[in-house]
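My notes follow in the order I checked them.

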Amino acid sequence: MRVLVTGHQGYLGTVMVPILREAGHDVIGLDSGYFADCVLGPAPEDPPQICGAGPMDLRDITAQRLVGIDAVVHLAALSNDPLGDLAPEVTYQINHHASVQLAKAAKAAGVSRFLYASTCSVYGSAGDELVAEDAPLRPLTPYAESKVWVEDDLAAISDHEFAPVFLRNATAFGFSPRLRADIVLNNLVGHAVLSGQVLVLSDGTPWRPLVHAQDIARAFAACLTAPAQAISCQAFNIGTEVNNLTVAEIAQAVAEVVPGAQLRITGETGADPRSYRVDFAKARDLLGYQAEWSVAEGAAELYKLYTAYGLTEQAFRDRYTRLAHLKTLRQSGVLDEAMYRVGRLG
Ligand SMILES: NC(=O)c1ccc[n+]([C@@H]2O[C@H](COP(=O)([O-])OP(=O)(O)OC[C@H]3O[C@@H](n4cnc5c(N)ncnc54)[C@H](O)[C@@H]3O)[C@@H](O)[C@H]2O)c1
């Protein structure tokens, strides 16, 4: 299958591309390159960019460029809640409007399958009950809101020739050559390695379902080959109940893996109101999909590779933190206010 992966130079895309290639797919990428240089360890082998272009903005895509592609894996986005709060209008523009525009262009070009990276953040603050895909959606931020709107808009353009699928991923963890330090497990392990402390700036009670980046990639691979009628217009929670943990439990797992690290839970009211426990049965039943990595295994992997590749305090804070890195790109004139690369050809 010829597969376009948007956001292939992001945290998840960099892990996913080799997994899709190993599964036999012919992968091409599309990325504006915001994090292309944010590499830890050996440099990844990127696939060719669409039409041989260099960095390309999602907002510039046309149907013509998508002819010959069988499936789109759509990851590109301003990807997390604090980022959305930094620039809500740009978040809506890229994450909502450009995603729907891409899907329409894909449909017009004859692409038959469109796998969309949605998120369990759409459940917002859901209490202690397990939430399945039919639970009420309560997005709390522009980021989560735009995910809900894209799901709705893609459902509206689906038909027997165009199958959109919504993969509602739990919060990711694990090593990627294009690291992210601003997701909970990656952050806690990094902090512990650099400071000797596992620091939780809240009371640690919110539920956070977690899933390894490689497990997310395998879920997308499963959706590329599943029969279209079984998955078209379906949402799937991606993760495993075993990794439905509170922030305090996640922190405890880190303290057990990083030698000498002291656990400190400050007890204040956290800044992030999200809390949800997720039911992952549907992906197991319909896709035969099972996430494999536990949080303890992910923490051990991160500890080993952070140490082996010499993670530094400055890189942890700036280069691998989405918000800080994008602010730097804007301040240094690489990106304009709308997050376009300055001097792009369009
Ligand atoms: N990481 C998680 O915990 C998680 C959880 C659930 C869902 N998701 C979703 O998965 C997807 C990928 O997440 P990630 O963690 O890899 O994010 P990321 O920020 O690491 O990567 C996103 C990529 O998209 C690219 N991009 C952003 N705007 C673009 C534009 N206008 N044109 C072209 N490329 C653009 C960036 O350059 C980057 O390489 C996102 O849609 C995210 O919302 C992530």
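**Ligand site**

I began with Leu-75, where a polar backbone atom is 2.8 Å from an oxygen atom of the ligand. I counted a polar contact as a pair of N or O atoms within 3.5 Å; within protein, one must be able to donate a hydrogen and the other to accept it, and residues adjacent in sequence count only if both atoms are side-chain atoms. Tyr-11 has a backbone N or O atom 2.8 Å from a ligand oxygen. For Tyr-34 the corresponding distance is 3.2 Å. I then checked cover: the protein hides 98% of the 820 Å² of accessible area that the ligand has on its own. Those areas come from the Shrake-Rupley method with a 1.4 Å probe.

This is a predicted model: local features need pLDDT of at least 70, side-chain atom pairs count only at pLDDT 80 or more, and totals for chains, interfaces and linings use all residues. Residues are numbered from 1 along each chain as its sequence is written, and side-chain values use heavy atoms, with hydrogens and water left out.

Which residues come nearest to the ligand? I found Asp-31, Leu-58, Tyr-143, Arg-180 and Arg-322, out of 32 around it (a heavy atom within 4 Å). Strand E4 (113-119) gives the largest share of the shell, three residues. Helix H1 (11-22), helix H4 (142-156) and strand E7 each supply at least two. Helices (H or I, at least four residues) and strands (E, at least two) are DSSP runs, numbered from the N terminus.

Buried means under 20% relative accessible area, exposed over 50%, partly exposed in between (1.4 Å probe, protein chains only).

**Asn-243**

I found Asn-243 in the loop between strand E10 (235-238) and E11. Is Asn-243 buried or exposed? Asn-243 counts as buried because its relative accessibility is 2%. A polar side-chain atom of Asn-243 lies 2.9 Å from the backbone oxygen of Trp-293.
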